[in-house]
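Here are my notes for a colleague who is meeting this structure for the first time. Please read the numbered points with the sequence and the model side by side.

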Amino acid sequence: MPAEEFVAGWISGALGLVLGHPFDTVKVRLQTQTTYRGIVDCMVKTYRHESLLGFFKGMSFPIASISVVNSVLFGVYSNALLALTATSHQERRAQPPSYTHVFIAGCTGGFLQAYCLAPFDLIKVRLQNQTEPREKPGSPPPRYRGPVHCAASILQAEGPQGLFRGAWALTLRDTPTLGIYFVTYEWLCRQLTPEGQNPSSGTVLVAGGFAGIISWVAATPLDVIKSRMQMAGLKQRAYLGLLDCIVSSARQEGLGVFFRGLTINSARAFPVNAITFLSYEYLLLSWG
Ligand SMILES: C[N+](C)(C)CCCC[C@H](N)C(=O)O
């Protein structure tokens with residue numbers, strides 16, 4: 001099983017993550033808290049209370065963990081395509097796989113990465129939602145002191161299944177939408193590249209960026225539900241399950257709730273995925 005794809009996925013995932021983290025913090029806060037009037041309001045309040053550092057809360061942890069998960073996505077995707085079409089990464093430009101194969105390989109990668117992602121994503125979301133300012137003498141300390149403390153507290157209070165809160169919503173979110181992600185990327189690359197040539201850097205950036213946006217548009221309704229289920233158990237709301245979370249969110253806040261964070265998600269998705277695909281393709285090319 002070729003392993004370079006895993007390593008390239010890891011590095012490119014880390015680069016994308018750093019670029020996208022400030023957007024991600026605003027998104028998580030908008031989706032799970034009701035104190036903000038919109039993106040700008042959330043950015044201003046975060047900056048006032050927590051300074052620029054507020055946007056980077058909980059970033060070291062995703063870099064160490066979620067970038068590894070990205071390696072599962074790209075590694076499984078590429079190896080699934082190899083199994084389906086018997087072409088390696090290098091041969092695929094000359095013998096392009098069918099979109100059905102790309103979709104199936106993307107869904108397989110998405111499904112497998114979702115389970116690896118679940119506990120890390122849960123911890124990320126819980127840390128991002130701590131809005132207390134940086135330590136001031138006399139103010140109460142935040143509930144979680146950091147990722148390890150957060151994981152230990154969840155384990156202690158809710159047991160190992162607590163770490164997989166929202167995992168179902170995450171799997172449903174990621175399986176089809178990562179199929180869409182790779183199909184969009186491939187389709188755009190092929191549209192913008194003359195026959196028989198490799199896509200240019202500009203093409204890879206644009207195709208990666210739009211793959212990110214389109215897959216996030218499709219993923220946003222389940223992303224909202226996923227984040228809410230991850231926060232439940234901590235405070236006010238407890239849901240009976242996925243369906244209960246969908247129904248009660250829609251009843252209380254209207255159908256618009258399913259598109260919370262869509263704008264910020266799309267704004268984040270373009271640069272993150274442009275850089276992810278560019279560095280992934282570049283690394284694989286330079287390793288031959
Ligand atoms: C499929 N879905 C849209 C949910 C996720 C796509 C993930 C792609 C990239 N790691 C990112 O963070 O944007």
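1. A search of the whole structure finds 20 salt bridges, a salt bridge being a side-chain nitrogen of Lys or Arg within 4 Å of a carboxyl oxygen of Asp or Glu. This is a predicted model, in which local features need pLDDT of at least 70 and side-chain atom pairs count only at pLDDT 80 or more, while totals for chains, interfaces and linings use all residues. Residues are numbered from 1 along each chain as its sequence is written, and side-chain values use heavy atoms, with hydrogens and water left out.

2. One of the salt bridges joins the side chains of R268 and D24, with 3.9 Å from N to O. This pair links distant parts of the chain, as R268 belongs to helix α9 (residues 262-286) and D24 to helix α1, 244 residues apart; helices here are DSSP runs (H or I, at least four residues), numbered from the N terminus. R268 is buried at a relative accessible area of 11%, and D24 is buried as well, at 7%, where buried means under 20% relative accessible area, exposed over 50%, and partly exposed in between (1.4 Å probe, protein chains only).

3. Another salt bridge is formed by E281 and R93, whose closest N and O atoms are 3.5 Å apart. Here too distant parts of the chain are linked, with E281 in helix α9 and R93 in the loop between α3 and α4, 188 residues apart. E281 counts as buried at 16% relative accessibility, whereas R93, at 26%, counts as partly exposed.

4. The side chains of R173 and D174 also meet in a salt bridge, at 2.7 Å from N to O, and both residues are buried. Through salt bridges that share partners, D24, K27, D121, K124, R173, D174, D223, K226 and R268 are joined into one network.

5. Which residues does the record mark as transmembrane? The unreviewed UniProt entry carries the annotation "transmembrane region" for residues 61-86, 98-120 and 204-225; the positions are given in the numbering used here, feature names are shortened, and such annotations may be inferred rather than shown by experiment. In the model, residues 61-86 are 96% helix and 0% strand, with their end C-alpha atoms 36 Å apart, and residues 204-225 are 100% helix and 0% strand, with their end C-alpha atoms 31 Å apart.

6. Helix α4 (residues 99-128) deserves a separate look, since a straight helix of 30 residues would span 44 Å at 1.5 Å a residue, yet α4 spans only 37 Å between its end C-alpha atoms; the expected span is 1.5 Å times one less than the number of residues. A kink of about 45 degrees lies at L117 in α4, shortly before the proline P119, the bend at a residue being the angle between axes fitted to the seven residues ending there and the seven starting there.

7. Helix α9, with 25 residues, reaches 35 Å from its first C-alpha to its last, close to the 36 Å expected at 1.5 Å a residue. Just after α9, G288 takes a positive phi of about 75 degrees.

8. Positive phi values also occur in residues other than glycine. S51 has a phi near 65 degrees and lies in the loop between α2 (39-50) and α3, where S51 is partly exposed at a relative accessible area of 33%. A86 has a phi near 55 degrees, is placed in the loop between α3 and α4, and is exposed, with a relative accessible area of 62%.

9. Helix α1 (residues 4-32) gives the largest share of the patch, four residues, while V68 is found in helix α3 (residues 60-85) and is partly exposed, with a relative accessible area of 35%.

Technical notes
Helix = DSSP H or I, 4+ residues; strand = E, 2+ residues; numbered from the N terminus.
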